[in-house]
Structures are given as structure tokens and as C-alpha cells.
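Dear colleague,

Please find the structure below, handed over for your reference.

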Amino acid sequence: MYKLNRKRYIMIHSMLEIEIRDAIEKEENLNEDGSINWSFVDADAYAECRSFWKDDEQFYESFDEIVSAIIANEEEEVAVDTQIEMAF
């Protein structure tokens with residue numbers, strides 16, 4: 001039976017987040033309009049980190065959790081920037 005201990009899970013989860021954030025910064029992973037091409041980010045992260053997970057299901061659970069947090073953070077930053085602009 002395959003079981004991840006908490007430290008190992010945190011480590012590989014962090015490694016995946018780093019790979020995702022690095023992939024987001026790559027110009028080839030952006031669409032023409034500057035938005036993120038998540039399929040390309042997925043491919044980069046999968047190639048680098050998939051072997052650390054028991055199966056694709058576990059990998060994508062972590063991938064989706066990290067991406068959701070990144071998107072929520074970006075949306076929050078946009079909202080704050082909009083509020084600041086409206087204040088001036």
C-alpha cells in the first residue's frame with residue numbers, strides 16, 4: 001500500500017507549486033492575449049512532478065488545489081488594484 005507521510009506530501013506539494021508558478025512565467029505558456037494557457041502549464045508541471053504521486057488522480061487533486069489558489073490570489077490582487085484606482 002502506498003502512503004504519503006505528511007512531510008513528504010508537503011514537500012512534493014510545494015515542488016508542484018514551484019513548477020506551476022515557473023510554468024506560468026514562461027512566455028510559451030501564455031495565450032496571445034496574455035492570459036495563461038493552463039493546458040501548457042499542466043503539461044510542464046505533469047512532466048516534472050507526476051512521478052511523485054501514486055496516480056494521476058492524486059496529482060490532479062493537488063494541481064487543481066494549487067491552481068485554484070493561484071487564480072483566487074490573482075483575482076484578489078485585481079480587486080485590490082481596482083479599489084486603489086477608484087480611490088484616486
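**Ser39 and helix 2**

Ser39 lies in helix 2 of what is a predicted model. The residue is classed as exposed because its relative accessible area is 52%, and the cut-off for that class is over 50%. In sequence, Ser39 is 10 residues from Asn29, while in space their C-alpha atoms are 8.3 Å apart. Ser39 also takes part in a contact at the start of helix 2, where its backbone nitrogen has a side-chain oxygen of Asn37 within 3.1 Å.

Helix 2 itself covers residues 38–49, which is 12 residues.

The buried residues of helix 2 are Val41, Asp42, Ala45 and Cys49. Around the axis they take up an arc of only 100°, and therefore they sit on the same side of helix 2. On the face turned away from that buried side are the exposed residues Ser39 and Ala47.

As for the chain as a whole, its secondary structure consists of 3 helices and 0 strands, in the order α-α-α from the N terminus. Of its 88 residues, 24% are buried. Among contacts with a separation of 6 or more, 49% are between residues 24 or more positions apart. The accessible surface of the chain is about 6600 Å², and carbon and sulfur atoms account for 52% of that surface.

With kind regards

Key. Residues are numbered from 1 along each chain as its sequence is written. This is a predicted model: local features need pLDDT of at least 70, side-chain atom pairs count only at pLDDT 80 or more; totals for chains, interfaces and linings use all residues. Side-chain values use heavy atoms; hydrogens and water are left out. Helices (H or I, at least four residues) and strands (E, at least two) are DSSP runs, numbered from the N terminus. The expected span of a helix is 1.5 Å times one less than its number of residues. Buried means under 20% relative accessible area, exposed over 50%, partly exposed in between (1.4 Å probe, protein chains only). The arc is that of the directions from the helix axis to the C-beta atoms. A polar contact is a pair of N or O atoms within 3.5 Å; within protein, one must be able to donate a hydrogen and the other to accept it, and residues adjacent in sequence count only if both atoms are side-chain atoms. Contact means heavy atoms within 4.5 Å. Accessible areas come from the Shrake-Rupley method with a 1.4 Å probe; for residues, only the protein chains shown count as cover.
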